[in-house]
Amino acid sequence: MQAARRAGLPCIALTCGGISRAELEQAGADEVYDDPADLLARLEDSLVGKVARG
């Protein structure tokens, strides 16, 4: 999160790595998903989907 913030980039995080949603949000995550399947299920509305659409 810190490196993305310093670079001015948005950051997507997954809680499946053992870090809580609250910790990830506090660290600066723009979006937090439970796991890759959660991100995939909501891909169209995610930052990834927005970038892909242009």
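Let's start with a pair of side chains: Arg21 and Asp34 meet in a salt bridge, with 3.2 Å from N to O. Arg21 belongs to helix α2 and Asp34 to the loop between β2 and α3 (36-41), so this pair ties together parts that lie 13 residues apart in sequence. A salt bridge here is a side-chain nitrogen of Lys or Arg within 4 Å of a carboxyl oxygen of Asp or Glu. Helices (H or I, at least four residues) and strands (E, at least two) are DSSP runs, numbered from the N terminus.

A word on the model before going further. It is predicted, and local features need pLDDT of at least 70, side-chain atom pairs count only at pLDDT 80 or more, while totals for chains, interfaces and linings use all residues. Residues are numbered from 1 along each chain as its sequence is written, and side-chain values use heavy atoms, with hydrogens and water left out.

Are the partners of that opening pair buried or exposed, or something in between? Arg21 is partly exposed, with a relative accessible area of 33%, and Asp34 is also partly exposed, at 41% relative accessibility. The cut-offs are these: buried means under 20% relative accessible area, exposed means over 50%, and partly exposed falls in between (1.4 Å probe, protein chains only). Ser20 and Asp34 are 14 residues apart in sequence, and their C-alpha atoms are 9.4 Å apart in space. At 32% relative accessibility, Ser20 is partly exposed.

Now step back to the whole chain. It holds 4 helices and 2 strands, and from the N terminus on these run α-β-α-β-α-α. The C-alpha trace spans about 30 × 25 × 15 Å along its principal axes. Of the 54 residues in the chain, 24% are buried. For contacts between residues at least 6 apart in sequence, 16% join residues at least 24 apart, where contact means heavy atoms within 4.5 Å.

How many salt bridges does the chain have? The count comes to 3. Side chains of opposite charge can pair when their charged atoms come close. One of these bridges joins Arg5 and Asp30, whose closest N and O atoms are 2.8 Å apart. This pair links distant parts of the chain: Arg5 sits in helix α1 (residues 2-7), and Asp30, 25 residues away, sits in the loop between α2 (21-27) and β2 (31-33). Arg5 is partly exposed at 37% relative accessible area, and Asp30 is partly exposed at 41%. Another bridge pairs Arg42 with Asp38, with the closest N and O atoms 3.6 Å apart. Here Arg42 is partly exposed at 40% relative accessibility, whereas Asp38 counts as buried at 16%.

Gly17 lies in the loop between β1 (12-14) and α2, and at 65% relative accessibility Gly17 is exposed. Its C-alpha atom is 16 Å from that of Gly28, which is 11 residues away along the chain. Pro36 is part of helix α3. With neighbours within four places in sequence left aside, Pro36 is in contact with Leu14 and Cys16. The C-alpha atoms of Pro36 and Thr15 are separated by 9.5 Å, although the two residues are 21 apart along the chain.

Which residues form a nonpolar patch on the surface? Leu40, Leu43 and Val48 do, with about 250 Å² of accessible area together. Patches are made of residues with over 30% relative accessible area and no salt bridge; like charges are joined within 9 Å, and nonpolar side chains (Val, Leu, Ile, Met, Phe, Trp, Tyr) within 5 Å. Accessible areas come from the Shrake-Rupley method with a 1.4 Å probe, and for residues only the protein chains shown count as cover.

Beyond its neighbours within four places in sequence, Val48 is in contact with Ile12 and Leu43. Val48 and Pro10 are 38 residues apart along the chain, with 9.9 Å between their C-alpha atoms.
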